[in-house]
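Take a look at the protein chain below. Keep the sequence at hand as you read.

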Amino acid sequence: MNKNFTVTQKSLEKSEMNFLISKLMWQNGTRINQYLFATIITIPLLSFGMVQGWLSPMLSVLQSPDGPSPEPYTSTDVSWVTSVTYISAIIFGAPMGYLTDRYGRKVMTLVTTLSLIAYWQIKLLSLEPWAVILARGIAGIPCSACYIVLPIYLKEISDIDLRGALGSLLILNRNIGYLASYIFADLLAVTTVLWIGFLVPTVVFFIFLLMPETPEFLVKQGKVDEARNVLAWLRGVKTIDHTLEADIDNIVKAEKQTQADSKSAWNIIIHDQPTLKAFIITLVIKITQQFDGYLIVLIYAGFVFERAADFISLKLSPNKQIIMIGVVQLLGSIVATCIVEKTGRKLLLITTSLAMGVGMLTLSAWFYVTSEGSWMPGWLPVVAMCVCIFADAAGFQPISYIIITDLFTFQLRGTVSSFANICAKLSNFVQMKWFKNLSEMIGIHWTLLFFAIVCFVASFYTVMFFPETRNKTVDEIYSKLSRRKGKVEKEDDVTKSTP
């Protein structure tokens with residue numbers, strides 16, 4: 001074994017240390033295991049990205065008489081295929097936070113991965129409408145779990161100065177999954193794509209059996225020694241490190257306070273002022289992110305390309321159009337991963353929501369002017385659409401998930417994540433169900449203008465009310481929210497000066 005690795009036999013004898021930890025116990029202060037662990041944790045979301053990405057290029061194929069289904073899909077079949085995931089996501093998402101707190105982050109991630117395996121297995125057996133609708137219904141489990149369980153898991157294994165960058169891997173891996181499905185659908189046979197989709201979560205499931213639980217959940221289970229060993233593995237330090245001991249003591253103290261507090265999670269959220277403020281901020285950011293128009297732009301990208309082609313010689317096949325959108329999404333996610341710990345959450349959220357607003361306003365103006373018979377450049381809506389997709393992937397999307405883990409304690413993250421997820425899925429369902437009818441009734445330009453206004457409101461709200469959470473603990477954030485920062489700092493100074 002490489003000399004950079006060491007195996008601490010004494011630690012292995014004292015705890016139920018995981019096999020993988022024992023083989024990758026770095027002792028030189030590196031945090032490579034956090035990056036390794038974070039990458040593995042986010043692969044289920046890559047698989048779910050493939051689930052969602054598979055649909056866009058395949059809908060027209062499934063509706064064709066020459067498609068892989070024994071019978072062509074009807075418009076009713078298509079409506080169920082596209083919407084049932086969001087319905088089941090609401091149902092499965094409601095108890096997801098409780099189950100995550102009850103049975104652990106690792107167990108629920110394994111359940112998520114199993115549901116992805118079941119999804120691809122059903123489609124490998126049959127592509128008849130009933131089978132795909134059933135598979136899409138099962139996809140509601142990862143549709144919720146990937147956005148509830150995985151952000152919590154990531155936060156609890158990440159150091160405070162890495163949680164933004166590692167948290168942004170969620171949307172990065174999801175968009176890799178999108179793009180992979182787009183490219184595979186263009187180059188490979190349908191069955192081959194399904195087998196690739198099936199193999200990804202299957203391999204990850206067996207890898208994940210070797211991964212540990214989070215230190216915070218292990219403390220909750222009374223496994224303090226094991227939590228200490230996991231935290232040492234994540235940070236690449238020895239179990240006797242003094243900073244490690246201090247952090248474990250803080251986790252134990254927080255757990256004891258929770259056990260002594262008989263209040264329910266909702267009781268705390270409603271009656272504790274800074275917690276309530278954090279909850280309201282989370283909901284506003286989450287809902288405005290869902291209504292920023294990114295989902296509609298993705299779904300109707302082909303329509304934008306088609307209209308633009310009337311003004312310029314832009315001739316791309318439907319699959320090439322989808323691949324182009326996937327590349328733009330991926331670039332936005334890469335930017336987010338690289339800069340989120342440098343710019344901070346607040347500045348990135350302000351700039352990307354403004355960019356989204358400008359993009360939506362430009363799209364709205366273009367559709368309005370051209371519908372009135374006037375000329376505008378055909379490249380303009382394409383550029384505006386790409387700006388919207390890039391900005392959403394670079395800021396709005398990742399930060400809407402990162403802030404939940406930033407703003408809430410271990411005991412509240414599951415509850416808040418589940419409620420925010422329900423709001424998000426309801427928003428998605430409303431848009432999927434009513435956007436086309438609303439656009440036909442009042443015009444697509446007015447609908448896009450509404451999205452632009454939402455983006456500008458989100459930017460203004462962020463400036464006024466959103467606290468910067470980068471490199472801050474929950475207590476520090478709540479002190480700022482409750483306007484007690486000065487008092488807390490004064491108390492800290494008194495404490496430090498006391499012998």
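## Ground rules

This is a predicted model, where local features need pLDDT of at least 70 and side-chain atom pairs count only at pLDDT 80 or more, while totals for chains, interfaces and linings use all residues. Residues are numbered from 1 along each chain as its sequence is written, and side-chain values use heavy atoms, leaving out hydrogens and water.

## The whole chain

The protein chain has 25 helices and zero strands. Both are DSSP runs, numbered from the N terminus: helices are H or I with at least four residues, strands are E with at least two.

Of the 499 residues, 55% are buried. Buried means under 20% relative accessible area, exposed means over 50%, and partly exposed lies in between (1.4 Å probe, protein chains only). The chain exposes about 21,700 Å², and carbon and sulfur atoms supply 65% of that. These areas come from the Shrake-Rupley method with a 1.4 Å probe; for residues, only the protein chains shown count as cover.

Now take contacts, meaning heavy atoms within 4.5 Å. Among those between residues at least 6 apart in sequence, 81% join residues at least 24 apart.

## Two helices side by side

Helix H3 covers residues 32–62, and helix H4 covers residues 75–93. Their axes come within 12 Å and cross at roughly 170 degrees. Axes are lines fitted to C-alpha atoms, for helices over the stretch in contact, and angles run from 0 to 180 degrees between N-to-C directions. H3 is therefore roughly antiparallel to H4. The cut-offs are under 35 degrees for roughly parallel, over 145 for roughly antiparallel, 65 to 115 for roughly perpendicular, and oblique for the rest.

H3 brings Gln52, Leu55 and Leu59 to the contact, and H4 brings Val78, Val81, Thr82 and Tyr86.

## Helix H16 and Thr282

Helix H16 spans residues 273–290 and contains Thr282.

Thr282 is buried, at 1% relative accessible area. Beyond residues up to four places away in sequence, Thr282 touches Ile403, Ile404, Leu407, Phe408 and Val416.

## Cysteines without a bond

How many disulfides are there? The count is zero. A disulfide is a pair of cysteine sulfur atoms within 2.5 Å. The sulfur of Cys388 is 7.1 Å from its closest cysteine sulfur, in Cys455, so it is too far for a bond. Cys388 is buried at 1% relative accessible area, and Cys455 is buried at 0%.
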